[in-house]
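Please open the model in your viewer and keep a selection tool ready. The stops below say what to select next and what is there.

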Amino acid sequence: MEEEGLLFASPSSSSLLSGISNVSTRPFVLAFTVCSCGAFVSGCVSGYSAPTQSGIMKDLNLSYSLFGSILTVGIILGALICGKLTDLVGRINTMWIINVFFLSGWFSIAFAKVIWMLYMGRLLHGIGIGISAYLGPIYMTEITPKNLRGAVSSCSQLFAIVGSSVFYALGTVVGWRDLAILGAIPFLVIIPVLFLIPESPRWLARVGRENEVKAVLLSLRGAESDITNEAQEILDYTEHVKQQEDGHRGFFKLFQQKYAFSLTIGVTLIALPELGGNSGYSYYTDSIFTRTGVSSDFGFITTSLVQMLGGVLGTVLVDVSGRRSLLLENRWWEKGTSILALISVLVYFASYGLAMSSIPWIVASEIYPVDVKGAAGTVCNLAGSISSWLVAYSFNFLLQWSSAGTFLMFATVTGLGFVFIAKLVPETKGKSIEEIQCLFTDSPLENSTS
């Protein structure tokens, strides 16, 4: 049973299949379950707004625009604290904090008697999403073997799409208060399992708990596995990073010349899908399909299925074709979104699910050394959150100005993204995290595509 949970997430190449035995241990499967449930909850939060809009406005007579936008405010607040929080208290303790935000948010909405309780619940949800968007990929990347890292991380994040689709469907038959209560159900799985999963071995090395690193790796890989080289590589690289400290401390240590390339890659990859119109497509799917005469329910169900299929395909291919190849294929197909509304939106969501929904955060979680990972995560998360807000806020105005001009603008951003990825983003498939980080911090910019 434990192996089945990861078999569908692993590509069918022989080298990857041979690695499944190293991640079929109980602690690893439970860690994967927690991260997948966390992504599912984030998807539920995102999918809550659309089907509940009319019911909430009728019952409480509130401004729904504020109810919807306050989620984005919370996401930005979560992005501001995500890196420092996970570095300070660790990955597992941060998961406990996120669950408090999510649960409090659901109950605040479910039992709201006054409008401010709804706003508070939505704000707490946003903070939870802002932190988990960074934490989930980081944790899975740090505990997964290099030959399965992309597939496992991608599959875990796929559950966000599933959560959004499930909640949209449930919202058509369940009231908004009951739907909020249903949002608490995944925590019946998450909370007990949190007691059973290990801390990230790389975080343990960073905070000076070196004696625990080998024990955690053995629990993740299996008692019979040889983890000597992996453990030594983690400890040696962590020590190397500490020796390289040159007096710069805190958040602003990130803004040194040696991190300029990796910071550019991370921020651009995270912001690209948002500046390419993702938030607009997601929030205003109803408007897009209404303009084409297509039922919004049919449109949402279809796009959800297509996006999930794209996500499954991306999970299968990410450790076979590589991150860079999928990103290039994805940006190529996304440039067709200005041609035919229905077909192009479906193509967009399929390509988004294939690569841009998960790979930017996989790459961002791989490329930063432990001493600046928290600060870099905050900057990348902020870049994505603010870009998302800008596009979501302006999308409706842009459509009123010119539908063709709007999609042409997004297609231009996508085309520029294609060039950026082709010229600057190196492949990270099959490399250990420490090898990748050396590639980014020690190699000159001109060798970045090697």
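Start with the cysteines: the structure holds 0 disulfides, a disulfide being a pair of cysteine sulfur atoms within 2.5 Å. Select Cys82 and Cys380. The closest cysteine sulfur to that of Cys82 is the one in Cys380, 9.2 Å away, which is too far for a bond. Cys82 is buried, with a relative accessible area of 0%, and Cys380 is buried as well, at 1%. Buried here means under 20% relative accessible area, exposed means over 50%, and partly exposed is in between (1.4 Å probe, protein chains only).

This is a predicted model, in which local features need pLDDT of at least 70 and side-chain atom pairs count only at pLDDT 80 or more, while totals for chains, interfaces and linings use all residues. Residues are numbered from 1 along each chain as its sequence is written, and side-chain values use heavy atoms, with hydrogens and water left out.

**The whole chain**

Switch to a cartoon view. The chain has 22 helices and 0 strands; both are DSSP runs numbered from the N terminus, helices being H or I with at least four residues and strands E with at least two. Of the 450 residues in the chain, 58% are buried. Among contacts with a separation of 6 or more, 81% are between residues 24 or more positions apart, where contact means heavy atoms within 4.5 Å. The chain exposes about 18,300 Å², and carbon and sulfur atoms supply 65% of that area. Accessible areas come from the Shrake-Rupley method with a 1.4 Å probe; for residues, only the protein chains shown count as cover.

**The core and its rings**

Next, select Tyr48, Met95, Trp106, Leu118, Tyr139, Ile197 and Ile265. These are the residues with the most contacts inside the largest nonpolar core, which has 110 residues. A nonpolar core is a set of buried Ala, Val, Leu, Ile, Met, Phe, Trp, Tyr and Cys residues joined through side-chain atoms within 4.5 Å.

Which residues does Trp106 touch, not counting residues up to four places away in sequence? They are Val41, Cys44, Val45, Tyr48, His125, Phe167, Ala180, Gly183, Ala184 and Phe187.

Now look for ring pairs: a search of the whole structure finds 6 aromatic pairs. Rings of Phe, Tyr and Trp (its six-membered ring) pair if their centres lie within 6.5 Å; planes under 30 degrees apart count as stacked, over 60 as edge-to-face and the rest as tilted. Show Phe102 and Phe187: their ring centres are 6.4 Å apart and their planes are at 40°, so the pair is tilted. Because Phe102 lies in helix α5 (residues 91–110) and Phe187 in helix α9 (residues 187–194), the pair ties together parts that are 85 residues apart in sequence. Phe102 and Phe187 are both buried.

Tyr48, Trp106 and Phe167 are linked into a cluster by ring pairs.

**Helix α11**

After α11 comes Gly222, whose phi is positive, near 110°.

- Ala133 lies in helix α6 (residues 115–143) and is partly exposed, at 24% relative accessible area. Leaving aside neighbours within four places in sequence, Ala133 is in contact with Trp361 and Asn381.
- Thr72 lies in helix α4 (residues 64–89) and is buried, at 11% relative accessibility. Not counting residues up to four places away in sequence, Thr72 touches Ser385 and Trp389.
- Ser262 is in helix α13 (residues 260–275) and is buried, with a relative accessible area of 0%. Beyond its neighbours within four places in sequence, Ser262 is in contact with Ile367, Tyr368 and Phe440.
- Ile301 is in helix α16 (residues 296–317) and counts as partly exposed, at 48% relative accessibility. Ile301 and Ser165 are 136 residues apart along the chain, with their C-alpha atoms separated by 7.4 Å.
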